[in-house]
Amino acid sequence: MPAAVAALAIVASLSFSAPAYADEVEPADLGQTPAVVVPAPDETDPTDLDPAESETTEAESTETEAQTESEEETPDTAPAARFAAAPPVPTFSLSTEPAVEPLTCAPTTAITSLSALDLSSSSTDGSSTTVLETGGLHVKTADTGHRKAAGYIVGTGWQPLDSVTDFVLTWTGTTAQPGGQLPVDLDGDDVADGILVIEPVNGGIQWLSVPGGGTWVSIPGAPHAAGGGAYPNQGTFAQWIAAYPDAQWTTPGYSLGSGVTGDGVISAITVVGSSNCSYTFGLPPVAAVACVATPLWGASDVNDVPPVVTASGLSFVGQAKAVNYYQRVSQGNAQGISDLRVTIDGATGPYSVQVKVEIYRDGGTSGYTTLSSMIPTGTTGVVNPMDWPWYSSRTTSGPGSITQPLAWADLIALWPSNVLASAPSVAMQTNGTGSTALVSKVSSSCGTTTFPQTVAPVQCVAAAGWATEDVAPQVTANGLVFRGQLASVNYYQRPATVSNAQGITGMSYTIAPGASGYGVHLKVEVDPNANLGTGGVIHYATLSTIQVPSVTPLQGTINAQSSLWYTTKIAYSSPGGMGNPLPWAKLIALMPNNTLLSTPSVHLQSGASEADFGVVTSVTSSCGTTSFVTPVAPPTSTPTDPGTTTGGTTTTTTTAATTTTPTSTLTPAPTGSPSATPTPAPTAEEELPTEAFESDATSGEGAPWWPWVLGLAILLLLALLWFLLLRRRSGQA
């Protein structure tokens, strides 16, 4: 066996301990009868690659050596017939370019679509991928399988070889890189005779790949330079041109493998000569459209579940349905998203929370898909999701699918006409049972949201009048009298405009001296429009101040804005529940999309006893101020709604009789609250509570004075008459 071939077989058995480059072209890669094919008589499969292609195992090396020895033992009986007509080789699949006059190629040709490449020589077992990305042609072969990625630029026509001095393939990636491929017609008959393989490791020496074992047959007229890869037919471009002055080249390309694992990007291929033929690779740039997000966040659709908004952030608990929280946009495309970060404060279980972006791939509302990051399980801290691959939910196979994810820029480049349906959002996949995550912040060029969210306040404006939902307090000229009973005793005021809890400031209320027991509290009814952890998104909740045990009884002016608040719609011990109350700002932060159903109002809980008593004289907030104490005035036969409400630019003053309450003061109850019930009028026997007014209701104060004056006048008149009568009698005497 020739020493050069034996050396090549030994190198092949080393499994690429040195940098690996392209193999010769497989017979299946060409497909045209070659001018030079002299297979050895004992070859059993002329469609196999020559031994240089399989360079991974010692067994393959042994097989190669045996095949080469067999070829060596076959005498070369027809050296003069190298370019004579040869039997057709059906698997030689390189397309023959039409016979035309030599062409001058364009100095630079931009390859912006895979349709400009013939990829038929690549592996078909899924062990190779070729994706055109923004920065070039991404070529990758797997760790196992056939592992060959090859491509040829179609439509170049035949070009004269005598102008070529070099071949440059620009590669960024693994040490194992593709070799350059330059199909050639050596005798000028417009039929490809083989492929010159250009590998930097060979030091400028190009070897000729011929199918059907022809690579290893020495061609008398070909250059036989020393060094390089020790192939029978190899030489510099100058030597090949000297040997074949009429030679032509066409369809330049590349080949990684077979049997080679590599990953990288080809940005350009240049055939260097008197006039360069350069080919660049990359998707055309797409103009970025700035992303503009709206404040609204929520579940993607009714079949999904939002996370629980807690005082520490968004709490994701995996379940059968997707748990997600999406932010909507008013404009933008995926190319307009940058500076993406997400803060993950905790993560457990097999599934990680992911950043997701919804787009319409084809513009408008066509081609909906969700783009998902692949953040590794257990990742916490401030995370850049663009450090990991992304995939499309609607791409089931190939580049951009979950099995072949891409970098963010390369994935969105697949859809240059895309339109955003959401800003970067957060989600935990369906069937994520056993996994949890806590997200406190999402930021990008679309905007920044910290959870719980900072929500713009919408000013509250109160409507005139108050009403009850259960039992009304007793309305007196000195205030609203609350005394505990089985039902809740409350008095609510409604907002006149759409507003939110964030728009309420300056809350306080005043309870007259003499209160006892469980106190009267301030309450605000809202539509939370949020999942507070007790069963999906809810649309009714009552927010209430809570009594501090050390402050009993509640009386005087109470600063409710600085008090602790809770709602029964949050689990008892969870932040915001009755057992774990929060300041007002933190409680309402759990419901960033809330809408007010009432202004700050007053309430004595149900199930209270007679000993639970208080008189509310006023309620104040940015919604308005209401005084329930009426000025002293003559009684009227027709009582009106109690209260003096001042809010904004309007002031409403009403007067109530001293001992009279409305017979029925009702407003429709909001969804989810108890129905309003009428309040019965008091009977004649009912007396006002003395402790409410700090005076004896049965005292004699206010008795008429005129009878005393009249009696005294009569006495004086009688005394005067008596005096005059006595004087007359005395004179007569």
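**Exercise 1.** Which residue in E26 is the bridge partner of Val323?

*Solution.* The model used here is predicted. Go to strand E26, residues 425-428. There, Met428 is the bridge partner of Val323. Now look at the strands themselves. Strand E19, residues 323-331, pairs with E26 in the antiparallel sense. The pairing runs over 3 bridges.

**Exercise 2.** Find the bridge partner of Lys356 in E26, and state the sense in which strand E21 and E26 pair.

*Solution.* Start with the residue: Ser425 of E26 is the bridge partner of Lys356. Then take the strands. E21 covers residues 354-360. E21 and E26 pair in the antiparallel sense, over 3 bridges.

**Exercise 3.** Decide for each face of strand E26: covered or open?

*Solution.* Take one side first. Ser425 and Ala427 lie there, and both are buried. Turn to the other side. Val426 and Met428 lie there, and they are buried too. Both faces of E26 are therefore covered, since buried means under 20% relative accessible area.

**Exercise 4.** Classify the ring pair of Trp297 and Phe451.

*Solution.* Step one is distance. The ring centres are 5.1 Å apart, and the cut-off for a pair is 6.5 Å. Step two is angle. The planes stand at 90 degrees, so the pair is edge-to-face. Step three is position in the chain. Trp297 sits in strand E16, residues 292-298. Phe451 sits in the loop between strand E28 (447-450) and strand E29 (474-476). Step four is burial. Trp297 has a relative accessible area of 3% and is buried. Phe451 is buried as well, with a relative accessible area of 3%.

**Exercise 5.** How many aromatic pairs does the count come to, and which residues do ring pairs link into a cluster?

*Solution.* The count comes to 12 aromatic pairs. For the cluster, pick out Trp207, Trp216 and Tyr231, which ring pairs link.

**Exercise 6.** Describe the largest cavity and its lining.

*Solution.* Begin with the search. Over the whole structure, 5 cavities of 30 Å³ or more turn up. The largest cavity holds about 40 Å³ of space. Next, list some of its lining: Trp466, Gln493, Pro600 and Cys623 are among the residues. Then check the elements. Strand E42 (613-621) and strand E43 (624-627) each give two or more residues to this lining. E43 gives the most, with 3 residues. Last, sort the lining by class. There are 4 nonpolar and 6 polar residues, and no charged ones.

Methods
Residues are numbered from 1 along each chain as its sequence is written. This is a predicted model: local features need pLDDT of at least 70, side-chain atom pairs count only at pLDDT 80 or more; totals for chains, interfaces and linings use all residues. Side-chain values use heavy atoms; hydrogens and water are left out. Buried means under 20% relative accessible area, exposed over 50%, partly exposed in between (1.4 Å probe, protein chains only). Helices (H or I, at least four residues) and strands (E, at least two) are DSSP runs, numbered from the N terminus. Two strands pair if DSSP finds at least two bridges between them. On a 1 Å grid over the protein atoms alone, a cavity is a set of points where a 1.4 Å probe fits but cannot get out, and a pocket is an open set with protein on both sides within 12 Å along at least five of seven lines; lining residues have an atom within 4 Å of a point. Grid points are joined across faces, edges and corners, and a volume is the space filled by probe spheres set on the points. Ala, Val, Leu, Ile, Met, Phe, Trp, Tyr, Cys and Pro count as nonpolar, Asp, Glu, Lys and Arg as charged, and the others, Gly among them, as polar. Rings of Phe, Tyr and Trp (its six-membered ring) pair if their centres lie within 6.5 Å; planes under 30 degrees apart count as stacked, over 60 as edge-to-face and the rest as tilted.
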